[in-house]
Amino acid sequence: MNPAVTAVVADPAAPFGWARREVAAPEPAPSQALVAVRHVSLNHGDRRYATLVPAGTVLGWDATGTVVRAAADGSGPAAGSEVLAFGAGAWSQLAAFAVEDIAPLPAGADPAAHAALPLAGFTALRALRGAGSLLGRRVLVTGASGGVGRFAVQLAALGGAEVIASVGAAARGAGLERLGASAVAVGLDGVDGPLDVVLDTVGGPLLAGAYALLAPGGSLLSVGWSSGEPATLEPYATFGDDRAIRSFADARAVGGDLALLARLAASGRLSIEVGWRGSWEQLDEAAAALAAREIAGKAVLDVDPLPGGGAYAGTGAGAGAGAGASAGAGAGSTGAAR
């Protein structure tokens, strides 16, 4: 029987729909590596996801940690490698990740900050990549102060775009020009068309308003819906020049893109913006702050290390859970990588 580990699981009776419980350690498939997780991050959709899965399902998607058992098929990183990873069930002291969804952590990188990178980072990267060349194009990023938004502003600017960052309140725009925004707007105030690309994380009326500003041939990339509000288009809004609204659900085989994003961060061209950090015992506090739009960027949680330094039966000697992990995390501290 696999040893028990602590994990955050779906619990409909809990205030936020999740709770920390003891569960059996996962048994990885042949193409999965077993990772001792030390840091995880929180995404806007995590709380909703907890309501869609059976009680007891291990939650979470983003993690950094140390491989304690390499994939049985011989692929992927060796035991002892520090990695960033994406996959269901990340909020656990031990998690199994497909090797195609794992990337090596660059030497000297902050593992806590890099836990904020996976889902938000590859969402921004893949959505913008799907829009084609950005050189000289006008790109609007809505919800620009959030995790996906901050990555999107930077990546669009790196691609040569004129980037307009839209936020929900003036104070939320702090730092976005430093990240590459040419202009910062509250909602769509002062935003003029035509826009070539809109990367929308908000949905609702803002999506409808941004769609109306698209240039002929332009596209709106809907990658999130943090407003929770419906979007209503005006009659005949879709009549006329070709303008597209595109959905996004590309979360397969992300390891290569995670490695690319980590290299950009290591070179100083991509900043990983962490606006909140604390113990995973403070998950409810972090979720409340995220829902209240009190966090600029991402929230990162430190996972309690496994007893005995993270050794796992059958993985060989020296498989530790905490190599390179940062200590002394406090709620509200920042950890942006440069």
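This is a predicted model: local features need pLDDT of at least 70, side-chain atom pairs count only at pLDDT 80 or more; totals for chains, interfaces and linings use all residues.
Figure 1. The cut-off explains the two labels, because a residue is called buried under 20% relative accessible area and exposed over 50%, with partly exposed in between. W61 and F86 form a stacked aromatic pair, with 5.4 Å from centre to centre and 20 degrees between the planes. W61 lies in the loop between α1 and β4 (62-69) and F86 in strand β5, so the pair ties together parts that are 25 residues apart in sequence. These two residues also belong to one aromatic cluster, which is formed by Y49, W61, F86 and F122.

Figure 2. A pair of aromatic rings is described by the distance of the centres and the angle of the planes. The count of aromatic pairs comes to 5, and the one formed by W18 and W91 is edge-to-face, at 5.6 Å centre to centre and with 80 degrees between the planes. This pair links distant parts of the chain, since W18 is in strand β2 (residues 18-24) and W91 is in the loop between β5 and β6 (94-98), 73 residues apart. Both W18 and W91 are buried.

**Figure 3. Close-up of the largest pocket.** The largest pocket holds about 1,400 Å³ of space, and among the 48 residues that line it, N43, H44, G45, G224 and W225 are the closest to its centre. At least two lining residues come from each of α1 (46-50), α3 (118-130), α4 (147-158), β9 (162-167) and α7 (283-291), and α1 gives the most, with 4 residues. Sorted by class, this lining has 23 nonpolar, 18 polar and 7 charged residues.

**Figure 4. Close-up of the second largest pocket.** The volume of the second largest pocket is about 180 Å³, and the residues that line it include L125, L128, R129, L155 and L158. Helices α3 and α4 each supply at least two residues of this lining, with the largest share, 3 residues, coming from α3. The lining divides into 5 nonpolar, 3 polar and 1 charged residues.

**Figure 5. Close-up of the nonpolar cores.** The largest nonpolar core has 47 residues, of which L117, L134, V141, V153, L155 and I272 touch the most other members. Elements that each supply at least two residues of this core include β5 (82-86), α2 (111-114), β8 (138-141) and α6 (255-266). A second, separate core of 32 residues includes V67, W91, I102 and W276.

Conventions
Residues are numbered from 1 along each chain as its sequence is written. Side-chain values use heavy atoms; hydrogens and water are left out. On a 1 Å grid over the protein atoms alone, a cavity is a set of points where a 1.4 Å probe fits but cannot get out, and a pocket is an open set with protein on both sides within 12 Å along at least five of seven lines; lining residues have an atom within 4 Å of a point. Grid points are joined across faces, edges and corners, and a volume is the space filled by probe spheres set on the points. Ala, Val, Leu, Ile, Met, Phe, Trp, Tyr, Cys and Pro count as nonpolar, Asp, Glu, Lys and Arg as charged, and the others, Gly among them, as polar. A nonpolar core is a set of buried Ala, Val, Leu, Ile, Met, Phe, Trp, Tyr and Cys residues joined through side-chain atoms within 4.5 Å. Buried means under 20% relative accessible area, exposed over 50%, partly exposed in between (1.4 Å probe, protein chains only). Rings of Phe, Tyr and Trp (its six-membered ring) pair if their centres lie within 6.5 Å; planes under 30 degrees apart count as stacked, over 60 as edge-to-face and the rest as tilted.
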